[in-house]
Amino acid sequence: MPKKSPPTRRRALQKNKTSAPQKLLASQPKILIFDVDGVLVDVSGTYWRSALETVRYLTGERVTYAELHKWKSKPGFNDDWSMVAAWVTALGKPLSYEEARVAFERFYWGSDGKPGNVRNERILVSPAQIEKWAQRCELNLFTGRTRQEFSYTFAGWPATKYFRTIVTMDDARKKPHPDGLKMILGGRDPATALYLGDNIDDALAARDAGVPFFAIIARNEHRYRERAAQFRELGAVALLPRARELNRMLG
Ligand SMILES: [Mg+2]
């Protein structure tokens, strides 16, 4: 028997893919807010790898990136330490948040003279691109990084000066709480802003702050269809494969 035409969800995905993003927003955003990891920085070899190595080390199980994305698609697990604690516990080895943090940091920062995965860090957007965006919009950051993790990479980056407000894990309740977005807005109309993030906790924070949300997700990523559908359900205005695609919207 031949298969029937694809389900409605697939048609919706295709439709959204070809829509011009500027038609999806009521007006040009004045305030751009970026998540850092997965948006401005490639985290597959740093945070994600550290999480996998931590879970493998603590449980002896050969866990995979596909499983990681399954965990990442649950609320509260933008924070890798929370995710690792829950994941290791689910595999039969009860682990607290603090224990997860300590174990994770050995892989992230390195230990016993061995360099950590932080050395793999790679910024995905050029300083020239950030400068161009800054000429049109006010730029801000809302990240789940600690201030220390943020500074390690961004203190010496020439484009950091273009961001007006930088909210880290040390400055506000972490995502999915919308507090960081509200701090950045400071009472201004959330509809004039736009938040770009790559995790469900980003989408939840944006929804609760009333800020339009663009999800950063590439088609070749693990669990693309499930995650894309989840972002749409949470009200994502558009799905972009990378932050640079924002240029299509700003014209
Ligand atoms: Mg992120």
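## Two domains

In this predicted model, the protein splits into two domains: domain 1 covers 8-40 + 124-250, and domain 2 covers 47-120. Their C-alpha centres sit 24 Å apart. Where they touch, domain 1 puts in 16 residues and domain 2 puts in 12 residues.

On the domain 1 side, the elements giving two or more residues are α9 (200-209) and α10 (224-233). The largest share, four residues, comes from α9. Sort that side of domain 1 by class and you get four nonpolar, four polar and eight charged residues.

## Helix α2

Now for a look at α2. This helix runs over residues 47-59, and its 13 residues should span 18 Å at 1.5 Å a residue.

Which residues of α2 are buried? They are Tyr-47, Trp-48, Ser-50, Ala-51, Leu-52, Thr-54 and Val-55. The buried residues of α2 pack against α3 (65-72), α4 (80-90) and α5 (97-109). Just past the end of α2, Gly-60 has a positive phi of about 80°.

## Where α4 meets α5

Two of those partners of α2, α4 and α5, also meet each other. Their axes come within 8 Å and cross at roughly 110°, which means α4 is roughly perpendicular to α5.

From α4, the contact uses Asp-80, Trp-81, Ser-82, Val-84, Ala-85 and Val-88. Facing them from α5 are Tyr-97, Ala-100, Arg-101 and Phe-104. Seven residues of this contact are nonpolar, one is polar and two are charged.

Technical notes: Residues are numbered from 1 along each chain as its sequence is written. This is a predicted model: local features need pLDDT of at least 70, side-chain atom pairs count only at pLDDT 80 or more; totals for chains, interfaces and linings use all residues. The expected span of a helix is 1.5 Å times one less than its number of residues. A residue is buried if 20 or more other C-beta atoms lie within 10 Å of its own, exposed if 12 or fewer, and partly exposed in between; C-beta atoms are placed from the backbone. Two residues are in contact if their C-beta atoms, placed from the backbone, lie within 7 Å. Axes are lines fitted to C-alpha atoms, for helices over the stretch in contact, and angles run from 0 to 180 degrees between N-to-C directions. Angles under 35 degrees count as roughly parallel, over 145 as roughly antiparallel, 65 to 115 as roughly perpendicular and the rest as oblique. Ala, Val, Leu, Ile, Met, Phe, Trp, Tyr, Cys and Pro count as nonpolar, Asp, Glu, Lys and Arg as charged, and the others, Gly among them, as polar. Domain bounds come from an automatic or database domain assignment.
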